[in-house]
Amino acid sequence: MEKPNKAKSSCCSSNTVALEKPIGAKSSCCSSKVEDEGQITDIPLSSSASEGKVVYRVHGMDCPACAVTIEKGLSALNGIRDVTVNYSTAKLKVVGDSGSFDQIENHVQNLGYTLESVEQNQNMRTYNVEGMDCGSCAKSIENHLNTLPSVLNVSVNFSTGKMKIEHDNSVEDIVSEVAKIGYKSSLVSRNSKPTQTSTHKDGKGLITLSGILIALGFIGSYNDVLPLMSNILYAIAILLSGYKPVKSAYYALKSLSLDMNVLMSAAAIGAALIGEWLEGATVVWLFAVGIALQNRSIEKTRNSIRNIMDLAPPEAWVLTGSELVRKPVEEISIGQVIVVKPGDKIPLDGEIIQGISSINQAPITGESIPVDKGMGDTVYAGTINESGSLEIKVTKLVADTTISKIIHLVEEAQEKKAPTQAFVDKFATIYTPIVFVLALVVMILPPILGLGTWGEWFYKGLELLVVACPCALVISTPVAIVSAIGNAAKNGVLIKGGTFLETAGSINAIAFDKTGTLTEGKPKVSEIKALGTSDDELLSVALTLEDYSTHPIAKTIVNYTKDKGIQSKNGQLFKSIVGKGVQATIDGVIHYAGNLKLFEEMNVTLGNVKTTVEEFQRQGKTVVIIGTEQKIMGIIAVSDIIRKTTVTALNGLKQIGINQTVMLTGDNEGTAKMIASEAPIDRYFAELMPEDKVSSIKQLQNEGYKVAMVGDGINDAPALATADLGIAMGGAGTDTAMETADIVLMADNLEKLPHTIKLSRKALQIIKQNIWFSLIVKFIALALIFPGWLTLWIAVLSDTGAAIIVILNALRLLKVKG
């Protein structure tokens, strides 16, 4: 096997061989001449004790060809059985002799890349974190935990409410440290389902009591009550509502974080110091109310994924001999037989070995119509058995089921920042300290210059501190993305991250692979033309002739005739005529089934048959002629038919404003023209090789279109990689599609594609609305400070109010209909 001369320069080679199929992987350095493709599958380990599998994350790959370089290099090493590198996920999987694994890391480093072990990292744990209401909360937790020597690495994701942390100390220590900064955390175990966020009744009680105390103090100030009494009530309210944010602020400052707890605490304490007790109490109370409302709203987005996790039942009935035993799904192994009764959810992926039923697959594929399934058919965990009792042989462990992969991919997607979110986060990290410093300058400089009293400018500085909190702005993008991804997942569509959601929203042209995408991908009998005999007689002879052939066209005719209930005749002396057809003796006469060339060579009188055959061929159909040496009995035409959902989906795309729908096919012009006429396709490119499909995508891009490519997730890898967005369909049955595509349509049809584009555009629209609204509110608040029209409590109300409005606006995405 050829070894690369250079570690990375090969990625720009003009004859790159792309064994990995990185759907949607984007890199300008990659050549269009990608010649081959492969797929990533989980290889079952050998029973040999010396064989095993290791998984790494690869750092430094900048295009799909880099993955090929690593694959080729490692495949050449002794003891390595199989190597798969997924450019999109940066994962490297190696199967081989355990003793050969030592050489992997050095070899990959020599190629110019670095490795991080994925499965061997035993100290990495995942926790649920409750109480975060914006990205700065997550950053404060990260900064605090990073100050601990026992913490090696920590990543907190505000959107999912998850914390991934590598630590040497106990779980209790981590929970305690998170509690110090004001949040509640719990370890997520493999067998446990995420807990719903607690209602924090004590917190609500304190907020209510604080509100009552503030109201009593305010009323007392207008009813001849001593100001001291009112101030005491305000001070108690500050202590009750402000204890938690002040405590969080202390640890945030200790870890050099400047989050909203710091800003609000400083504003409240500052107000009390200058004697504005009512202002201080109102600030902390409004802040506490706002946080409670934000948490409640954000939980709705997080629950969209938790609901998916609850789809599969935790236990199953296992058939042991003649007895049924109820077991947790974690204890069930591959090959065991489970029984699912009518109306129950299927607990694990498997194959039906007994029974017939109608299966509601909506939780996985988004398809609203149940699918009839029987012996030999695949069923998925989380789907619903609607009618008959089923015996199912388990084919995947609970951690490897389709629903488990969906959950994992959706959570990964939520953790990936979209370009807009990354920009907003960067803006917020600059904006907050600038306004904080500006607040300090406002407090000190004008009084020194004699432009007003210390109290007056100190108050304006406190207002600036509150305005410095960028909560609504930071929250504007991630909540919208999480809501959209959650909605899509419930409708059978996996969007792999905010980047792809944003890209989908800007798509205006979609290219489709023909076979298996627009069409069924399975040939079917489309025309029967009997000449001088009945259709049934023609089909009976055809069945007799073709039943012994293994050719796909022959199988299509056999299946069609059997479905029609046609009986075969008594045939003898079967013989295959290579490249032309078959023959057999029926009732003492030799009959033939074959192509036009076969009958022309036998000098059979064809009459108008030749014209009919040529017309069918122009329509892209394969023709089988049935007859004897004396006469033609009839013609059977076979073709790949368009899917029932294709026309509906394409019309739906037109309605939402997709400017160009394009078909790419390797078939002849006649077939392409026929399919394009049946479906509302604007353009088609026929007789294409894989590299020609890449050229077609590039042509559309050069014409100014933002192009998505839709395929089956296995073929057409080069074109899918070249497009701005790679969309794979049929993900429920294709691990490769789920692992590598930018967007996966879980159902094996295009029905959900218009919803995906519509949802993405709606998400982009809401993100823009949220960002502009957040900025406008901030600028208005800033403008009102210096004329003296803004008060502290109005500043707090504008910040928390804006955040709540932004969240509620994003929640609309959960209700976009599929």
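Visitor: What should I know about the model before reading it?
Guide: It is a predicted model in which local features need pLDDT of at least 70 and side-chain atom pairs count only at pLDDT 80 or more, while totals for chains, interfaces and linings use all residues. Residues are numbered from 1 along each chain as its sequence is written, and side-chain values use heavy atoms, with hydrogens and water left out.

Visitor: How are strands read, and which strands pair with S9?
Guide: Helices (H or I, at least four residues) and strands (E, at least two) are DSSP runs, numbered from the N terminus. Two strands pair if DSSP finds at least two bridges between them. Strand S9 (residues 315-320) runs antiparallel to strand S10 (residues 323-328), joined by 6 bridges. S9 also pairs with strand S11 (residues 337-340), in the antiparallel sense, over 2 bridges.

Visitor: Which residues stand opposite Ala 316 and Trp 317?
Guide: In a regular strand the side chains alternate between the two faces of the sheet. Here, Ala 316 stands opposite Lys 327 in S10, and Trp 317 stands opposite Val 339 in S11.

Visitor: What is found in the hairpin of S9 and S10?
Guide: There are 2 residues between the strands, and Gly 321 takes a positive phi near 65°.

Visitor: How is burial judged, and how many residues of strand S3 are buried?
Guide: Buried means under 20% relative accessible area, exposed over 50%, and partly exposed in between (1.4 Å probe, protein chains only). In strand S3 (residues 91-97), 6 of the 7 residues are buried, so the strand is largely enclosed by the rest of the structure. S3 pairs with strand S2 (residues 80-86) in the antiparallel sense over 6 bridges; Val 85 has Leu 92 in S3 as its bridge partner.

Visitor: Is Thr 665 buried or exposed?
Guide: Thr 665 counts as buried because its relative accessibility is 1%. Its place is in the loop between strand S26 (660-664) and helix H21 (669-678). Contact means heavy atoms within 4.5 Å. Leaving aside residues up to four places away in sequence, Thr 665 touches Lys 514, Ala 672, Phe 685, Ala 686, Glu 687, Leu 688 and Lys 693.

Visitor: Where does Ile 207 lie, and which residues does Ile 207 touch?
Guide: Ile 207 lies in helix H5 (residues 201-220) and is buried, with a relative accessible area of 17%. Not counting residues up to four places away in sequence, Ile 207 touches Trp 285, Ala 288, Val 289 and Ala 292. Ile 207 and Trp 285 are 78 residues apart along the chain, with their C-alpha atoms separated by 6.7 Å.

Visitor: How many salt bridges does the whole structure hold?
Guide: Side chains of opposite charge can pair when their charged atoms come close. A salt bridge is a side-chain nitrogen of Lys or Arg within 4 Å of a carboxyl oxygen of Asp or Glu. A search of the whole structure finds 9. One of them joins Lys 180 and Glu 177 (3.2 Å, N to O). Both lie in helix H4 (residues 171-180), 3 residues apart, about one turn of the helix. Lys 180 is partly exposed at 30% relative accessibility, whereas Glu 177 is buried at 14%.

Visitor: Which salt bridge links distant parts of the chain?
Guide: Asp 748 and Arg 643 meet through their side chains (3.4 Å, N to O). The pair is 105 residues apart: Asp 748 is in the loop between strand S30 (743-745) and helix H25 (753-785), and Arg 643 is in the loop between strand S25 (632-642) and helix H20 (644-655). Asp 748 is partly exposed, at 44%, and Arg 643 is buried, at 7%.

Visitor: What does the salt bridge of Lys 654 and Asp 682 tie together?
Guide: The closest N and O atoms of Lys 654 and Asp 682 are 2.3 Å apart. Lys 654 lies in helix H20 and Asp 682 in the loop between H21 and strand S27 (683-685), so the pair ties together parts 28 residues apart in sequence.
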